[in-house]
Amino acid sequence: MERGAIPVTGAMTEAEAMRETVRETVRAFVQEQCDEWKCLEWDRAGTYPREVFDRIAALGWYGIGIAEADGGSGGTAGDLLVVAEELGRGSTDLVACFSLTASGLRTLVTDGSPAQRAELVPKLMDGGVRLSIAVTEPEAGSDAAALLTTARRDGDHYVIKGQKTFCEAAGLPDTIVQLYARTDGAARKQDGISMILLDPALPGVTLRRLPTMGRNITGVYEVFLDDVRVPADRLVGTENHGWRQLVR
């Protein structure tokens, strides 16, 4: 065998063949619907091509790697990575917006309450709702666990106060923000964080789009939270277990 040659290992397995089919399908989609030149136009105009993401939803790609019994499309996490890789041929903005919803969907399937799953999984799968994420803060960037935004329980609501920054896609239509906030100030910093689903239209929420060199298709936002009252049933999973969800 010549030096540097790739050894032949025989025919592809069924899973490998399926993954290559996924790759070819997504690559053809990008070439037809959202190649680098179309993405460049959208980037320069600051335009969000919702119709492209609606087609992605119609193809079931958000649910790849989630069992059909859980409302997903089946397949594996490796198949999902192939989708993301091929979308990147058009623009990293496409990957970012796709991945925010695809990864958040998995968290909901794993940790969401039955009511949350029944309400949101079908909407995320069909593109009616999209997800953003809010972790980074002006004083908590690379050390995400040092976040200062608080969510204080008040009856059947959480009262949220603080500021988030570099939140991709938070201002897009029909978006829910996966907000990470401190629910126990006395606990070790990683142990006092919870994830709460935030509707950006709630009173007390202000979004400000940031000027950036990239991410002009999705937009990047600051999120200001001034005593925002969020129903307690928007907590995902168990209180103070948000860090585990974030790093999983």
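Biologist: Does Phe-98 count as buried or exposed, and at what relative accessibility?

Modeller: Phe-98 counts as buried, because its relative accessibility is 1%. Keep in mind that we're looking at a predicted model here.

Biologist: Which ring does Phe-98 pair with, and how is the pair arranged?

Modeller: Let's start with the general idea. A pair of aromatic rings is described by the distance of the centres and the angle of the planes. In this structure, Phe-98 pairs with Tyr-62: the centres are 5.2 Å apart, the planes are at 20°, and the pair is stacked. Phe-98 belongs to helix 5 (residues 92-111), while Tyr-62 sits in the loop between helix 3 and helix 4. Tyr-62 has a relative accessibility of 1%, so Tyr-62 counts as buried.

Biologist: How many aromatic pairs does the structure hold?

Modeller: There are three. One of them brings together Phe-29 and Trp-61, with 5.1 Å between the ring centres and 75° between the planes, so this pair is edge-to-face. The cut-off behind that call is an angle over 60 degrees.

Biologist: Where in the chain are Phe-29 and Trp-61?

Modeller: Phe-29 is in helix 1 (residues 14-33), and Trp-61 is in the loop between helix 3 (50-58) and helix 4 (77-87). Phe-29 and Trp-61 are both buried.

Biologist: OK, now helices. How do helix 1 and helix 4 cross, and within what distance do their axes come?

Modeller: General idea again: two packed helices are described by the angle between their axes and the distance between the axes. For helix 1 and helix 4, the axes come within 9 Å and the crossing angle is roughly 25°. That makes helix 1 roughly parallel to helix 4. As for handedness, their crossing is right-handed.

Biologist: Which residues meet where helix 1 and helix 4 touch?

Modeller: From helix 1 the list includes Arg-19, Val-22 and Val-26, and from helix 4 it includes Gly-78, Asp-79 and Val-83. Arg-23 of helix 1 is worth a click too. Leaving out residues up to four places away in sequence, Arg-23 touches Val-82, Glu-85 and Glu-86.

Biologist: Why does Arg-23 count as buried?

Modeller: Its relative accessibility is 17%, so Arg-23 counts as buried; the cut-off is under 20%.

Biologist: One more arginine: where does the charged end of Arg-153 sit?

Modeller: Over the ring of Tyr-158, at 5.4 Å from the ring's centre.

Definitions and conventions: Residues are numbered from 1 along each chain as its sequence is written. This is a predicted model: local features need pLDDT of at least 70, side-chain atom pairs count only at pLDDT 80 or more; totals for chains, interfaces and linings use all residues. Side-chain values use heavy atoms; hydrogens and water are left out. Rings of Phe, Tyr and Trp (its six-membered ring) pair if their centres lie within 6.5 Å; planes under 30 degrees apart count as stacked, over 60 as edge-to-face and the rest as tilted. Helices (H or I, at least four residues) and strands (E, at least two) are DSSP runs, numbered from the N terminus. Buried means under 20% relative accessible area, exposed over 50%, partly exposed in between (1.4 Å probe, protein chains only). A charge sits over a ring if NZ of Lys or CZ of Arg is within 6 Å of the ring centre and within 35 degrees of the ring normal. Axes are lines fitted to C-alpha atoms, for helices over the stretch in contact, and angles run from 0 to 180 degrees between N-to-C directions. Angles under 35 degrees count as roughly parallel, over 145 as roughly antiparallel, 65 to 115 as roughly perpendicular and the rest as oblique. A crossing is left-handed if the near helix is turned anticlockwise from the far one by less than a right angle, and right-handed if clockwise. Contact means heavy atoms within 4.5 Å.
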